[in-house]
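Trainee: Please take me closely through one part of this model, the place where the ligand lies.

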Amino acid sequence: MNLLAPVRRDRVLAELPQYLRKEAALHARRDFHPRVTCACQEHRTGTVGRFKISKVIVVGDLSVGKTCLINRFCKDTFDKNYKATIGVDFEMERFEVLGIPFSLQLWDTAGQERFKCIASTYYRGAQAIIIVFNLNDVASLEHTKQWLADALKENDPSSVLLFLVGSKKDLSTPAQYVLMERDALKMAQEMKAEYWAVSSLTGENVREFFFRVAALTFEANVLAELERSGARRIGDVVRINSDDNNLYLTASRKKPPCCL
Ligand SMILES: Nc1nc2c(ncn2[C@@H]2O[C@H](COP(=O)(O)OP(=O)(O)OP(=O)(O)O)[C@@H](O)[C@H]2O)c(=O)[nH]1
Ligand SMILES: [Mg+2]
């Protein structure tokens, strides 16, 4: 894929996309962090927007719908026939967030046990981990804990963003969904992950979900970049995964006027 190709018009984010459920959201702010908005307005986003490509890995049991989820978003297609992913595959998606180009590399990994050791060698360096389970299969939700543990062995748990995604929503009745959602919300809270429920068959929530992933990954990247470049000057501290479910707490001692 040509990284210099213009960003598609339907990949432009001017506002922060909202969470699905407030009780299992990475943060509940309505807008991007003010420091991020300010940095974008002044084009002070450093490597974000130039060479930086953020790696996102998608993990979960076999046949939960990882490949279909990525294909629905990236290609707007759906295949009802199951073709196991062998090892890994990836798609590149370009966005423009607050006027800044931003790329996500979406790594689709194999859920089948026999391909797991190949797939896990690609876990390293992820900025976001998407753990998928089937909303109609409670065992696949239980297994998400192990998928998360494996993915975190290769990544820094304090800085990676976690998303817990229930798939195949079209196959649950409203009553079944309510029951499954209760367990899934609990799991998401334990993991400190943001919860989503999607259907790749109908497309429900797929675009909203990936936009949220792109926006939160972008925001975390810009905050980290500001932290690296201006920590001494500005004296801010960025903390991730705070107890109150607010992803980024910035303890500012001195801020530039545009960020007040
Ligand atoms: N009804 C319905 N079926 C789905 C949905 N998503 C995936 N499927 C079906 O579930 C099966 C598995 O989907 P995949 O996307 O290949 O699953 P996977 O998680 O990538 O599987 P592995 O590559 O083996 O890990 C396929 O037959 C899909 O058509 C969905 O949203 N609704
Ligand atoms: Mg697959």
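Mentor: The account below begins with the pocket and then turns to the ligand. This is a predicted model, in which local features need pLDDT of at least 70 and side-chain atom pairs count only at pLDDT 80 or more, while totals for chains, interfaces and linings use all residues. Residues are numbered from 1 along each chain as its sequence is written, chains are lettered from A and ligands numbered from 1 in the order in which they are written, and side-chain values use heavy atoms, without hydrogens and water.

Helix H2 (66-75) and strands S3 (88-97) and S4 (100-109) each supply at least two lining residues; H2 gives the most, with 6.

Ligand 1 sits in this pocket, with more than half of its atoms within 2 Å of the grid points. Around ligand 1 are 23 residues (a heavy atom within 4 Å), of which Lys 66, Asp 79, Tyr 82, Gly 111 and Asp 170 come nearest. An N or O atom in the side chain of Thr 67 is 2.8 Å from an oxygen atom of ligand 1. Backbone N or O atoms also approach ligand oxygen atoms, that of Ser 63 at 2.9 Å and that of Leu 201 at 3.3 Å. Of the 650 Å² of accessible area that ligand 1 has on its own, the protein covers 93% (Shrake-Rupley method, 1.4 Å probe).

Note on methods
Helices (H or I, at least four residues) and strands (E, at least two) are DSSP runs, numbered from the N terminus. A polar contact is a pair of N or O atoms within 3.5 Å; within protein, one must be able to donate a hydrogen and the other to accept it, and residues adjacent in sequence count only if both atoms are side-chain atoms. On a 1 Å grid over the protein atoms alone, a cavity is a set of points where a 1.4 Å probe fits but cannot get out, and a pocket is an open set with protein on both sides within 12 Å along at least five of seven lines; lining residues have an atom within 4 Å of a point.
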